[in-house]
Amino acid sequence: MSEAFAAEIRRRADEAAEALRAAERAGDAEAALAAAGDLDEVRRLARAHGVTTGHDETGHETGGERAGEEGA
C-alpha cells in the first residue's frame with residue numbers, strides 16, 4: 001500500500017468526521033446519519049488495508065493512532 005493511498009484514506013476520514021460533528025452541532029439528524037455512514041465506510045476500508053484514521057465511529061479523534069498504533 002502506498003503512502004498516498006493511506007493519506008487519501010485519512011483525508012476522507014477527517015472530512016467524514018468533521019461532517020458528522022457539524023451535522024450533530026446543527027441538530028440535523030439526517031445529515032448526521034449520512035455522515036456516520038460515510039465515516040463507517042472509510043473506517044472499514046482503512047481496516048481492510050491496515051491504515052489508521054485517528055477517528056472512532058462517532059467521529060471523535062482517538063489518541064495516537066496515526067503515530068503507528070493499531071486501530072481504525
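## Overall make-up

Of the 72 residues in the protein chain, 31% are buried. The model is a predicted one. Its secondary structure consists of 2 helices and 0 strands.

The protein chain has an accessible surface of about 4300 Å². Carbon and sulfur atoms contribute 52% of that surface.

## Nonpolar core

The largest nonpolar core holds 13 residues. Within this core, the residues that touch the most other members are Ile9, Leu20, Leu39 and Val51. Two elements each give two or more residues to the core: helix H1 (3-26) and helix H2 (29-48). H1 supplies the largest share, with 7 residues.

In soluble globular proteins, nonpolar side chains tend to be buried together.

## Ala32

Ala32 is located in helix H2. Is this residue, Ala32, buried or exposed? Ala32 counts as buried because its relative accessibility is 15%, and the cut-off for buried is under 20%.

Leaving aside residues up to four places away in sequence, Ala32 touches Leu20, Ala23 and Glu24. One of these, Leu20, is also among the core residues that touch the most other members. Ala17 is 15 residues from Ala32 along the chain, and the C-alpha atoms of the two are separated by 9.9 Å.

Definitions and conventions:
Residues are numbered from 1 along each chain as its sequence is written. This is a predicted model: local features need pLDDT of at least 70, side-chain atom pairs count only at pLDDT 80 or more; totals for chains, interfaces and linings use all residues. Side-chain values use heavy atoms; hydrogens and water are left out. A nonpolar core is a set of buried Ala, Val, Leu, Ile, Met, Phe, Trp, Tyr and Cys residues joined through side-chain atoms within 4.5 Å. Buried means under 20% relative accessible area, exposed over 50%, partly exposed in between (1.4 Å probe, protein chains only). Helices (H or I, at least four residues) and strands (E, at least two) are DSSP runs, numbered from the N terminus. Contact means heavy atoms within 4.5 Å. Accessible areas come from the Shrake-Rupley method with a 1.4 Å probe; for residues, only the protein chains shown count as cover.
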